[in-house]
Amino acid sequence: MSSSIRFEHVARRFPGREAGAPPVTALDDLDLEVAAGELVTLVGPSGCGKSTLLDLVAGLSSPSSGRVLVDDREVTGPGLDRGVVFQQYALLPWRTARANVELGLEANGTPRRERAERAREYLDLVGLAGFERHYPHELSGGMTQRVAIARSLAFDPAVLLMDEPFAALDAQTRETLQDELLRIWGRTGKTILFITHGIDEAVYLGRRVAVLTARPGRVKGIVEVGDLPRGDPDTDVRSSPEFARARHRVWTSLRGETKRQGEHADRGARPVKAETQHDRTQEARVDQHA
Ligand SMILES: Nc1ncnc2c1ncn2[C@@H]1O[C@H](COP(=O)(O)OP(=O)(O)OP(=O)(O)O)[C@@H](O)[C@H]1O
């Protein structure tokens with residue numbers, strides 16, 4: 001089971017975070033279509049609204065104008081037809097890997113025996129057979145993220161939304177999990193919308209890469225990557241000319257936006273990222289090290 005996703009002229013505005021701060025337009029007039037069963041990756045400058053976009057599909061927030069449709073039905077709130085995997089491992093530390101995977105199944109009333117069977121099946125799918133009884137603190141970062149993926153897949157969502165799920169992992173683990181994800185995608189045929197900061201990751205995973213503009217985010221263009229021999233352990237796909245060409249097209253498109261964002265900051269506007277106390281503190285730290 002998989003579903004299409006469609007954004008129609010979507011805008012999302014937020015009130016300023018601090019008293020007197022101007023409102024923020026995170027997304028504006030954004031259009032994007034993801035076909036059922038497609039894996040699309042999304043890249044864009046920092047703060048351009050990627051997470052906001054994912055939250056809208058997840059139903060965690062609503063558009064200020066426009067519509068988000070999953071299988072032609074407007075999203076009005078969260079639902080078990082959409083699974084989300086975040087960068088931070090949102091596992092419950094007091095539950096075993098299996099009990100964490102069972103969470104969504106408990107929520108939708110799946111009987112106990114079936115829950116246990118499905119949890120085992122999906123832990124198997126993500127390569128964690130034998131780790132059912134381990135607690136999160138007994139697992140590596142990569143394994144923990146595998147549990148998070150198994151948990152999202154266990155209730156058989158039609159759409160999997162992934163917000164930089166591998167960003168906190170070391171390079172080798174990240175590459176392994178990218179191949180695992182492609183294998184899982186091949187097996188399950190889910191629709192996957194995958195946000196990343198990594199151009200290589202975007203090109204490796206996505207048949208199409210959507211590049212967003214600097215804030216307010218809208219789709220600047222789509223780079224068609226097509227079928228590379230991904231997931232073949234004997235082929236270094238990332239070194240192939242086809243990969244390099246696609247990578248360069250994404251890089252060029254993205255470079256234009258990060259430059260535009262930089263010029264905006266140079267003209268004296270507040271830097272796009274510096275909107276919270278936390279961000280400003282981070283910036284001050286960067287300045288100190290400059
Ligand atoms: N709840 C909120 N209230 C006010 N502003 C918000 C809120 N959520 C997001 N924003 C602002 O909207 C803009 C887009 O944020 P978002 O997190 O979607 O960007 P992003 O592209 O995912 O960023 P990054 O690449 O750094 O993860 C940012 O300027 C952010 O500060």
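The sheet of six strands is open, with the order E6-E7-E8-E3-E9-E10 and mixed pairing. Strands here are DSSP runs marked E of at least two residues, helices are DSSP runs marked H or I of at least four, and both are numbered from the N terminus. Two strands pair if DSSP finds at least two bridges between them. The edge strands are E6 (82-85) and E10, and each of these pairs on one side only. From one strand to the next, the twist averages 20°.

This is a predicted model, in which local features need pLDDT of at least 70, side-chain atom pairs count only at pLDDT 80 or more, and totals for chains, interfaces and linings use all residues. Residues are numbered from 1 along each chain as its sequence is written.

Look at one pair inside this sheet. Strand E7 (residues 159-163) and strand E8 (residues 191-195) run parallel, joined by five bridges. Val159 stands opposite Thr191 in E8. Helix H4 packs on the sheet and touches E6 and E7. The direction of H4 makes about 175° with that of E6. Such angles run from 0 to 180 degrees between N-to-C directions, and the axes are lines fitted to C-alpha atoms, for helices over the stretch in contact.

Now go to the other end of the sheet. A loop lies between strand E9 (208-212) and strand E10 (219-224), and Pro216 is found in it. The peptide bond from Arg215 to Pro216 is cis, with omega near 0°.

Next comes the other sheet. It is open too, with four strands in the order E2-E1-E4-E5 and antiparallel pairing. Strand E2 (24-34) and strand E5 (73-74) stand at the edges with a single partner strand each, so one side of each has no neighbour in the sheet. Strand E1 (residues 5-14) runs antiparallel to strand E4 (residues 65-70), and five bridges join them. Glu8 has Arg67 as its bridge partner in E4, and Ala11 stands opposite Ser65 in E4. In a regular strand, side chains alternate between the two faces of the sheet.

Strand E1 also holds His9. His9 has a positive phi of about 45°, although it is not a glycine.

Follow E4 onward to E5. These two strands pair in the antiparallel sense over two bridges. Val70 stands opposite Arg73 in E5. The hairpin of E4 and E5 has two residues between the strands, and in this hairpin Asp71 takes a positive phi near 50°.

Helix H1 (residues 50-58) lies across E1, E2 and E4. H1 runs at about 120° to E1.

What surrounds the ligand? The shell has 15 residues, and the closest are Phe14, Ala26, Lys50, Ser51 and Thr52. A residue counts as near a molecule or strand if its C-beta atom, placed from the backbone, lies within 6 Å of it. E2 and H1 each supply at least two residues of the shell. The largest share, three residues, comes from H1. The shell divides into five nonpolar, six polar and four charged residues. Here Ala, Val, Leu, Ile, Met, Phe, Trp, Tyr, Cys and Pro count as nonpolar, Asp, Glu, Lys and Arg as charged, and the others, Gly among them, as polar.

The remaining stop is the helix packing. Helix H2 (residues 97-107) and helix H4 (residues 141-154) pack at an angle of about 30°, with their axes 7 Å apart. H2 and H4 are therefore roughly parallel to each other. Angles under 35 degrees count as roughly parallel, over 145 as roughly antiparallel, 65 to 115 as roughly perpendicular and the rest as oblique. The contact is made by Ala97, Asn100, Val101, Leu103, Gly104 and Leu105 of H2 with Val147, Ala150, Arg151 and Ala154 of H4. Two residues are in contact if their C-beta atoms, placed from the backbone, lie within 7 Å. The residues of this contact of H2 with H4 divide into seven nonpolar, two polar and one charged.

H2 also packs with helix H3 (residues 112-125), at an angle of about 120° and with axes 9 Å apart. That makes H2 oblique to H3. On H2, the contact is made by Ala97, Arg98, Val101, Glu102, Leu105 and Glu106. On H3, it is made by Arg115, Arg118, Ala119, Tyr122 and Leu123. The residues of the contact of H2 with H3 divide into six nonpolar, no polar and five charged.
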